[in-house]
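My notes follow in the order I looked things up.

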Amino acid sequence: MAAELVHLTSADYEDAMDFMDLVFSQAHRPHDFADLMPTACRPEEEYMRRNLAIKRDGKIRALVLCSPCEVSVAGNTLKMAGIGNVSTHKREGGQGLMKQLMHQAIAEMQEDGIDFSGLGGQRQRYQYYGYDRCGMKYAYSLTARNLKHINYPVPDWHFEPITAESDAWLATAKALYEQQPLHCSRGDGTLDAVYRYLTCWNIVPYACLDAEGKMVGYICVTADGTSCSELIADTPAHTVDMLVAWTALKGVSQISLGIHPWQTEICRRLDLICDNISLHPDHQYRIFNWDRVVKAFMDLKATYVSLMDGELVLEIAEWGRLAIAVKDGRASCEKTERAADLSLTAFEANRLVFGPKPAYYTADLPAEKNAMITNWFPLPLSWWHQDCV
């Protein structure tokens, strides 16, 4: 029987979970997607239709999840879509099923006005579909020995697990997250949805309480407490104090975490105490609407860097020419027919604009615009781990 490409429905839920569990368990380690991804792997029709699949004789043979969300970036609202759960039955390999699903997902994203899309996986595998590694995130490692030698004062705080019934703590966590200059729409915004996001990827969330019982912030960690996927407090100083308190009170020898580039004060404080610091690409991204995405992230960068006034016309292959201008520190971006100052492939543009390295590692910059381009780029494209699919 010929294969058919379909959107899954609520009636396919159990089959879809069984299929993904099988494929990923055979390829990696035992998986239980219903438990691993309660944010996206849900039986409701709205969620199941986000799964594109190829069926043969009524059975799922390949699947791709395309999960949209709204993201607020320095007050700009963008439409983003995460690609995940890319899976093909081992007996269907080499038939081009993944290619069909990815091309269909891309066509639907473009039709739906998605501004940009992100995913994880082997780099060259997804370059075929216009994705490449870019963005930036700082990786830090804090050890018990770091704290011992600098005699860092440990605050009189304690941690309590956040459960599905912790309404007050969940409400505070939601408010703290939504105060971040980049944050996503997490499901329908209910406290149930907040809990699902905080616990996806087998992560355990804890509320951090001061001596009077007031919630200072929250930390999301792996079961062994040595890797932090989300750390948000009411101030940058408290964010670092909270990490220190966790390390000291839980007796872990080391904890690792990622920090976004716009979290400059947190970076400065961690730079003073952490053992290891590195910069790496955030994810693999494909930009559909360069004008909207660059404008939003220029605005985000302007919250912590004084942008130089000037203009740049950047030609991006197969997209067109992007005119970027900054006047009195305020950015504007629009598509243009003006002559280009710099012409790049889409992959080169990804890396020049979003890093992680400075722009001059990607291209020879026009001498008269070198300082300006280096001041503007890379832009702080970075994603919260708990929002990944």
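Predicted model: local features only at pLDDT ≥ 70, side-chain atom pairs only at ≥ 80, totals over all residues.

**Entry: a loop lysine**

I went to Lys90 and found it in the loop between strand 4 (76-88) and helix 4 (97-111). Is Lys90 buried or exposed? Its relative accessible area is 59%, so I wrote it down as exposed. I then checked the spacing to Tyr140, which is 50 residues from Lys90 along the chain. Their C-alpha atoms are separated by 38 Å.

**Entry: two packed helices**

Next I looked at helix 7 (residues 167-178) against helix 8 (residues 191-199), which pack at an angle of about 75° with axes 10 Å apart. An angle of 65 to 115 degrees counts as roughly perpendicular, and that is how helix 7 stands to helix 8. From helix 7, I listed Asp167, Leu170, Ala171, Ala173 and Lys174 at the contact; they meet Leu191, Val194, Tyr195 and Leu198 of helix 8. Sorted by class, this contact has seven nonpolar residues, two charged and no polar ones.

**Entry: the cores**

Which residues touch the most other members of the largest nonpolar core? I found Phe354 and Phe377, out of 61 residues in that core. Helix 11 (residues 290-301) supplies the largest share, seven residues. A second, separate core has 29 residues, including Cys208, Val252, Ile266 and Leu270.

Setting aside residues up to four places away in sequence, Phe354 touches Trp290, Val293, Val294 and Phe297, among others. Its list also includes Cys134, Gly135 and Met136, as well as Pro378, Leu379 and Leu381.

I looked up Asn350, which sits in helix 12 (residues 346-354). With a relative accessible area of 2%, Asn350 is buried. Beyond neighbours within four places in sequence, Asn350 is in contact with Asp132, Cys134, Tyr285, Ile287, Trp290 and Gly355.

Gln386 came next, in the segment after helix 13 (370-376). Gln386 has a relative accessible area of 0%, so it is buried as well. Which side chains does the Gln386 side chain pair with in polar contacts? I noted Ser229, at 2.9 Å, and His385, also at 2.9 Å. Leaving out neighbours within four places, the contacts of Gln386 include Arg186, Tyr197, Leu198, Thr199 and Glu230. Leu198 had already turned up in my helix 7 and helix 8 entry.

I found a cis peptide bond between Gly355 and Pro356, with omega about 25°. Pro356 is in the loop between helix 12 and helix 13. The bond from Phe377 to Pro378 is cis too, with omega near 0°, and Pro378 belongs to the segment after helix 13.

Then I checked phi. Ala74 is not a glycine, yet its phi is positive, at about 50°. Ala74 lies in the loop between strand 3 (59-73) and strand 4, and I noted it as partly exposed, with a relative accessible area of 29%. Asn151 also has a positive phi, near 55°. I placed Asn151 in the loop between helix 6 (144-150) and strand 8 (158-161). A relative accessible area of 64% makes Asn151 exposed.

Methods: Residues numbered from 1 in each chain as written. Heavy atoms only, no water. Axes fitted to C-alpha atoms, helices over the stretch in contact; angles between N-to-C directions. Helix = DSSP H or I, 4+ residues; strand = E, 2+ residues; numbered from the N terminus. Parallel < 35°, antiparallel > 145°, perpendicular 65-115°, else oblique. Contact = heavy atoms within 4.5 Å. Nonpolar A, V, L, I, M, F, W, Y, C, P; charged D, E, K, R; others polar. Core = buried A, V, L, I, M, F, W, Y, C linked by side-chain atoms within 4.5 Å. Buried < 20%, exposed > 50% of the residue type's maximum accessible area, 1.4 Å probe, protein only. Polar contact = N/O pair within 3.5 Å; in protein donor to acceptor, adjacent residues only side chain to side chain.
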